[in-house]
Amino acid sequence: MSFKEMGLETVKAITLLGSTGSIGTQTLDIVSQYPDRFRVVGLAAGSNVTLLAEQVRQFRPEIVALRDGSKLAELQEAIADLDPQPQLVTGEAGIVEVAGYGDSEVVVTGIVGCAGLLPTIAAIEAGKDIALANKETLIAGGPVVLPLVQKHGVKLLPADSEHSAIFQCLQGVPQGGLRRILLTASGGAFRDWPVERLAQVTVADALKHPNWSMGRKITVDSATLMNKGLEVIEAHFLFGMDYDGIDIVIHPQSIIHSLIELQDTSVLAQLGWPDMRLPLLYALSYPERIYTNWETLDLVKAGDLTFRAPDRAKYPCMDLAYAAGRAGGSMPAVLNAANEQAVALFLEEKVHFLDIPKLIEKACDRHRADNRTQPTLEDILEADRWARQTVLDLQTAAIA
């Protein structure tokens, strides 16, 4: 007997933060494929009014936030003929309002960077489950976010491919059964480059990801392997695993999305074609499994699956992340913010690719004496602000 025949199938109400980005558009692709399973209550976006207006027309949310308030009139004009009109709010406060609004059951956090922290906290405090596609929420805010998740009794469901893979593999594993986590990494744009060639890297080079279609910032993070270092910290918070029990392995084909080793040395893996919709769908539909007509995995077509250890000389950001995670407190927030600022400077062609880990390391070193071992939300936000300014100061000093 199906869920529908048992009367258990319901339409799940969702809110989407970062609707015009890569995560957002793929989430809405899922909603459009399954209108009998999901409906959109709220949307929040940055400044892409054209795409946001199209989304509002198609999905008819009750509330819409536009971070760039200067473009509000443009959005109002683009949807002027809609009836009923959604409530429109602007700025960071508007995004926070959308996050906690109405009867949505799940909030998808697709906002890039630490900007997603406050809206995620608002959603948790409103009693909404979180489909976590914003890793910085836990990396920077883990010491604050996890107690709130427990206090409000909500679910924190990983919506990125690696942590979703771990989460899926853990279903049915008894308490204490987990021994080790293995995070797979594509190796990014430079996995086959010799270290010496990195001195010639351009922004265009760094944005040529071999497997995944992602935003500019995370694509650069993949090229430095900082994305995997950040995922190590996130896995520590999500699954309670000590840093010594979390390893990274380069897997160029991106077919195995991550693995877990159990106490008896059994290893479980989750496999699939590189497609962000799969972990997003599982986070939205959990604990159900929804049938899709997507291409099924053909192991013969996938061919050889290969693995190698990450080159620590090529990827210094990886060790910086492990060190920040082990330091704990406000240090991961500094690491994350310093990385965001350094990557932004690289994308603006103001620093070289090889300067990214140097700027991050200097910021973390300067924070060592001020690391807050049990940070409050205010401590985390201040560490984030301080790290960004420190990287800018370091870059200015280097030019002077």
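Reader: Which helices and strands supply at least two residues each to the lining of the largest pocket?

Author: In this predicted model, the contributors of at least two residues each are helix 1 (22-33), strand 2 (38-45), helix 7 (161-170), helix 9 (216-224), helix 10 (226-239) and helix 14 (331-347). The largest share, 5 residues, comes from helix 9.

Reader: How much space lies in the largest pocket, and which lining residues are the closest to its centre?

Author: The largest pocket holds about 940 Å³ of space. Its lining consists of 47 residues, and those closest to the centre are Val-112, Gly-113, Gly-215, Lys-217 and Ile-218. Sorted by class, the lining has 18 nonpolar, 17 polar and 12 charged residues.

Reader: What makes Asp-160, Glu-162 and Glu-231 a set, and why can one say that they gather at one spot?

Author: The set comes from the UniProt record, an unreviewed entry, whose annotation "binding site" covers Asp-160, Glu-162 and Glu-231. Although they span 72 residues in sequence, no two of their C-alpha atoms are more than 9.6 Å apart, so they gather at one spot. Asp-160, Glu-162 and Glu-231 also belong to the lining of the largest pocket.

Reader: Where is Asp-160 placed, and why is Asp-160 called buried?

Author: Asp-160 sits in the loop between strand 7 (156-158) and helix 7. Its relative accessibility is 9%, and because the term buried applies under 20%, Asp-160 counts as buried.

Reader: Why is the contact between Arg-180 and Glu-261 called a salt bridge?

Author: The closest N and O atoms of Arg-180 and Glu-261 are 2.6 Å apart, and because the rule asks for a side-chain nitrogen of Lys or Arg within 4 Å of a carboxyl oxygen of Asp or Glu, the pair forms a salt bridge. The pair links distant parts of the chain, with Arg-180 in strand 8 (residues 178-185) and Glu-261 in strand 10, 81 residues apart. Arg-180 is partly exposed at 26% relative accessibility, whereas Glu-261 is buried with a relative accessible area of 10%.

Reader: How do you know that strand 10 and strand 11 pair?

Author: Strand 10 (residues 256-262) and strand 11 (residues 267-271) run antiparallel and are joined by 5 bridges; because at least two bridges are required for pairing, the two strands pair. The bridge partner of Ile-260 is Leu-268 in strand 11. In the hairpin of strand 10 and strand 11, which has 4 residues between the strands, Thr-265 takes a positive phi near 80 degrees.

Reader: What separates Asp-384 from Arg-388 along helix 16, and is Asp-384 buried or exposed?

Author: Because Asp-384 and Arg-388 are 4 residues apart in helix 16 (residues 377-399), about one helical turn separates them. Their side chains meet in a salt bridge with an N to O distance of 2.8 Å. Asp-384 is buried, its relative accessible area being 10%. Elsewhere, salt bridges that share partners join Lys-135, Glu-162, Lys-228 and Glu-231 into one network.

Technical notes: Residues are numbered from 1 along each chain as its sequence is written. This is a predicted model: local features need pLDDT of at least 70, side-chain atom pairs count only at pLDDT 80 or more; totals for chains, interfaces and linings use all residues. Side-chain values use heavy atoms; hydrogens and water are left out. Buried means under 20% relative accessible area, exposed over 50%, partly exposed in between (1.4 Å probe, protein chains only). On a 1 Å grid over the protein atoms alone, a cavity is a set of points where a 1.4 Å probe fits but cannot get out, and a pocket is an open set with protein on both sides within 12 Å along at least five of seven lines; lining residues have an atom within 4 Å of a point. Grid points are joined across faces, edges and corners, and a volume is the space filled by probe spheres set on the points. Ala, Val, Leu, Ile, Met, Phe, Trp, Tyr, Cys and Pro count as nonpolar, Asp, Glu, Lys and Arg as charged, and the others, Gly among them, as polar. UniProt positions are given in the numbering used here, feature names are shortened, and annotations may be inferred rather than shown by experiment.
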